[in-house]
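This report describes selected features of one protein chain. The sequence and the model are shown first, and the description follows.

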Amino acid sequence: MACGFRRAIACQLSRVLNLPPENLITSISAVPISQKEEVADFQLSVDSLLEKDNDHSRPDIQVQAKRLAEKLRCDTVVSEISTGQRTVNFKINRELLTKTVLQQVIEDGSKYGLKSELFSGLPQKKIVVEFSSPNVAKKFHVGHLRSTIIGNFIANLKEALGHQVIRINYLGDWGMQFGLLGTGFQLFGYEEKLQSNPLQHLFEVYVQVNKEAADDKSVAKAAQEFFQRLELGDVQALSLWQKFRDLSIEEYIRVYKRLGVYFDEYSGESFYREKSQEVLKLLESKGLLLKTIKGTAVVDLSGNGDPSSICTVMRSDGTSLYATRDLAAAIDRMDKYNFDTMIYVTDKGQKKHFQQVFQMLKIMGYDWAERCQHVPFGVVQGMKTRRGDVTFLEDVLNEIQLRMLQNMASIKTTKELKNPQETAERVGLAALIIQDFKGLLLSDYKFSWDRVFQSRGDTGVFLQYTHARLHSLEETFGCGYLNDFNTACLQEPQSVSILQHLLRFDEVLYKSSQDFQPRHIVSYLLTLSHLAAVAHKTLQIKDSPPEVAGARLHLFKAVRSVLANGMKLLGITPVCRM
């Protein structure tokens with residue numbers, strides 16, 4: 001796409017190079033905007049055209065770029081051709097650039113950038129994304145927040161590109177912690193507290209029983225017996241477990257709604273307690289299951305006894321483990337969905353676990369194990385509310401809303417808002433998501449409340465403010481000026497910079513779709529907001545001649561539209577007033 005300009009350049013190049021245009025598309029990129037007023041709009045990387053061998057020294061490539069540029073001609077699309085460092089540069093006819101970009105943004109709406117030739121011929125796939133996955137009765141903490149917003153972003157992007165996406169929340173709802181929890185509830189639990197605040201009460205019970213079990217072996221033994229009863233299908237134990245699970249999911253759904261996140265399926269480790277026994281039988285039938293002196297069952301993935309490659313799949317009492325249940329879940333999902341790709345979004349601490357699970361699937365004879373992918377992320381440090389350590393994600397959301405309301409209270413326009421709480425939450429969430437998505441997902445980062453709520457600089461608050469300000473421009477002047485406009489009125493450097501930046505949106509989406517990093521989109525949107533802020537000061541609409549005002553309003557409307565598109569992909573709901 002880039003409004004068809006990239007294809008037009010590729011078609012001209014294909015005649016000179018005798019290559020199909022499709023082979024050239026990804027070698028032609030929109031030039032990032034710079035401080036220079038006159039800069040090329042597209043460039044062809046000569047390196048990417050040549051085979052990567054050591055014979056191509058720098059001068060040779062420069063010579064080839066020059067020779068290639070001499071063979072090319074300007075036409076109705078390209079007004080200027082030049083060479084740069086190992087590149088051939090193309091400048092697009094200014095009036096055509098303005099008219100086509102604005103027309104394309106308005107016509108394509110939410111699909112702008114996604115209809116690009118970069119994505120043409122992309123096969124539509126069935127993609128399973130497993131994300132969030134809190135552990136019932138444990139802290140629904142900030143690590144789960146990261147998994148939730150990253151998984152939601154990946155699912156949003158894949159869906160926008162036309163893939164069929166299945167969003168799965170795989171709850172930690174089975175395992176030894178339920179032995180502890182069942183025993184703990186019988187000792188310290190209160191039905192009223194469970195009904196009024198299930199997550200908080202289960203967490204308190206879990207903390208208390210862990211302390212007791214550490215000091216009293218009979219409590220630890222009772223917990224072990226309770227979990228065995230669960231595994232054997234004891235009706236009373238299962239009934240209590242089901243109550244914990246149902247109440248927890250109700251709470252989760254309420255919190256996810258505040259985040260603007262949904263799931264197609266809530267499954268959990270409990271679904272695979274029986275199927276994990278089938279996995280153990282299959283491993284045994286293939287001669288892969290080894291019994292240890294302690295009575296546990298393991299799989300040696302190295303084949304030579306390397307301790308770092310040994311994965312435990314069964315406890316000595318015959319109960320299943322996390323790895324066994326993950327194997328059963330993967331096999332079940334392939335049977336159910338016949339997926340092309342399955343993506344697991346968890347912290348980087350689980351990297352080895354997933355490597356082992358994928359390897360075990362492979363040696364069990366499942367070739368589709370190669371379609372499974374782990375997207376790891378780093379740890380967030382320093383996220384505390386005013387009351388101290390964060391216990392639940394909801395504490396974080398409440399804190400965001402409260403702080404944002406306080407910030408907005410000093411702005412007079414806030415009084416006009418119909419629902420200031422909702423606006424505060426949306427702006428606050430944008431602030432949280434942008435701070436999280438600015439860097440590499442794999443990096444740990446230090447959380448800062450002060451940085452989150454800065455209204456200036458590269459923050460989510462600034463993005464929302466820009467969107468709201470541009471929306472108010474449309475509300476104020478839209479009726480009078482949006483009918484007709486003259487593209488010749490948008491030749492100022494500020495207008496051209498915005499148009500050149502809008503050209504790059506498809507490339508940014510393409511980059512993020514390749515490496516699952518939202519930072520490309522974040523950086524793009526922040527630059528777009530800064531360009532809009534500069535243009536807003538200099539390109540007046542009020543008191544300008546009608547055709548100039550109309551052209552400028554169209555430009556600002558295009559910026560707002562692309563801002564909204566990008567924010568929605570990131571999981572942010574744009575606000576129209578703040």
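## A histidine in helix α21

H520 belongs to helix α21, which covers residues 519-538; helices (H or I, at least four residues) and strands (E, at least two) are DSSP runs, numbered from the N terminus. With a relative accessibility of 14%, H520 counts as buried, a term that means under 20% relative accessible area, with exposed being over 50% and partly exposed in between (1.4 Å probe, protein chains only).

Leaving aside neighbours within four places in sequence, H520 is in contact (heavy atoms within 4.5 Å) with V508, K511, S512 and D515. The side chains of H520 and D515 are joined by a polar contact of 2.7 Å. A polar contact is a pair of N or O atoms within 3.5 Å; within protein, one must be able to donate a hydrogen and the other to accept it, and residues adjacent in sequence count only if both atoms are side-chain atoms.

## Basis of the model

The model is predicted: local features need pLDDT of at least 70, side-chain atom pairs count only at pLDDT 80 or more, and totals for chains, interfaces and linings use all residues. Residues are numbered from 1 along each chain as its sequence is written, and side-chain values use heavy atoms, with hydrogens and water left out.

## Domains and their interface

An automatic or database domain assignment divides the chain into domain 1 (2-92), domain 2 (126-281 + 319-381) and domain 3 (388-570).

The interface of domain 1 and domain 3 holds 2 salt bridges, each defined by a side-chain nitrogen of Lys or Arg within 4 Å of a carboxyl oxygen of Asp or Glu. A salt bridge links D506 with R6, where the closest N and O atoms are 3.0 Å apart.

## Nonpolar cores

The largest nonpolar core has 154 residues, and V88, F90 and L570 have the most contacts inside it. Such a core is a set of buried Ala, Val, Leu, Ile, Met, Phe, Trp, Tyr and Cys residues joined through side-chain atoms within 4.5 Å. Helix α22 (residues 546-570) gives the largest share of this core, 13 residues.
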